[in-house]
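Please consult the sequence and the model shown below while reading.

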Amino acid sequence: MIKIRKATPEDLHLIISISNDELGQGYFEDISKIIADNYSHILVADYNEKEIVGFIYFYTWATQFEGNSVQSGFKQQGAVLKTMAVSAKYQNKGYGSQLLKHAIDSIKNQEIKNITGVAWKNPKGQTNVEHPLLKLGFKKEREIENFWYKDSVEKEFDCPICGNPCLCTAEIYQLHLD
Ligand SMILES: CC(C)(COP(=O)(O)OP(=O)(O)OC[C@H]1O[C@@H](n2cnc3c(N)ncnc32)[C@H](O)[C@@H]1OP(=O)(O)O)[C@@H](O)C(=O)NCCC(=O)NCCS
């Protein structure tokens with residue numbers, strides 16, 4: 001049975017191993033900083049309480065307008081679903097969708113009204129997370145070419161499709177919550 005729960009420091013090596021296989025060697029290196037940060041969150045799919053089969057990473061942001069402008073006193077906040085992965089042998093069993101749904105529920109609890117989803121579109125034109133996002137009500141807004149190019153050069157990670165540098169495109173999705 002699958003349980004979706006918050007990641008703990010003990011899960012880090014398994015999360016990194018899934019990330020290396022599915023998202024690219026070296027992509028998710030600064031994960032311990034993410035776990036320690038109050039605005040960043042990682043949920044894991046725990047299979048029978050003994051194996052982590054997938055994860056989702058999202059963060060929340062807030063801007064408080066200061067000073068003496070027309071926006072002063074207003075606060076804007078949102079959340080970004082940054083990335084997710086499920087181990088190859090567990091894909092297409094609904095675990096990715098469960099991770100997404102739990103992430104959305106936990107964001108809703110923080111009274112955030114807008115969620116941005118970043119989806120990886122590889123040079124073959126595949127966007128693996130497109131169906132799960134659309135099923136949950138996200139709408140595609142735009143594409144950003146070479147989204148991971150700079151990151152891949154700076155952090156020297158290898159995209160599983162293009163190697164280094166990464167030439168993949170990001171598709172940006174939005175979900176408005178009421
Ligand atoms: C994307 C991913 C997280 C989805 O996890 P999952 O557990 O397989 O997801 P689910 O079983 O809930 O849903 C699978 C859906 O994705 C679709 N899908 C999976 N791979 C796909 C592909 N290569 N092309 C198109 N659709 C694909 C399936 O058709 C299915 O859609 P459906 O429910 O409408 O039939 C997983 O495939 C994965 O880790 N892929 C490699 C890494 C990746 O692309 N991560 C996303 C980065 S933003």
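## Helix α1 and its neighbours

The buried residues of α1 pack against α2, β2, β3 and β4. Here a residue is buried if 20 or more other C-beta atoms lie within 10 Å of its own, exposed if 12 or fewer, and partly exposed in between, with C-beta atoms placed from the backbone. Helices (H or I, at least four residues) and strands (E, at least two) are DSSP runs, numbered from the N terminus.

Ile15, Ile18, Ser19 and Glu22 are the buried residues in α1. Seen down the axis of α1, they fall within an arc of 100°, so they line one face of the helix; the arc is that of the directions from the helix axis to the C-beta atoms. In general, an α-helix has 3.6 residues a turn, so residues three or four places apart point the same way. Just after α1, Gly24 takes a positive phi of about 125°.

## Basis of the model

The model is predicted: local features need pLDDT of at least 70, side-chain atom pairs count only at pLDDT 80 or more, and totals for chains, interfaces and linings use all residues. Residues are numbered from 1 along each chain as its sequence is written.

The pLDDT is the predictor's confidence in each residue, from 0 to 100. Its mean for the protein chain is 92, and 100% of the residues reach 70 or more. Among the elements, strand β7 (residues 169-176) has the highest mean pLDDT (98) and helix α2 (residues 31-36) the lowest (75).

## The nonpolar core

A nonpolar core is a set of buried Ala, Val, Leu, Ile, Met, Phe, Trp, Tyr and Cys residues joined through C-beta atoms within 7 Å. The largest one has 39 residues, of which Ile15, Leu43, Val44, Phe55, Ile56, Leu99 and Ala103 touch the most other members. At least two residues of this core come from each of α1 (12-22), β2 (40-47), β3 (51-64), β4 (75-86), α3 (95-108) and β5 (114-121). The largest share, 6 residues, is supplied by β3.

Two residues are in contact if their C-beta atoms, placed from the backbone, lie within 7 Å. Leaving aside residues up to four places away in sequence, Phe55 touches Ala7, Ile15, Ile18, Ile42, Leu43, Val44, Met84 and Ala85.

## The whole chain

The protein chain has 5 helices and 7 strands, which follow the pattern β-α-α-β-β-β-α-β-α-β-α-β along the sequence. Of its 178 residues, 28% count as buried.
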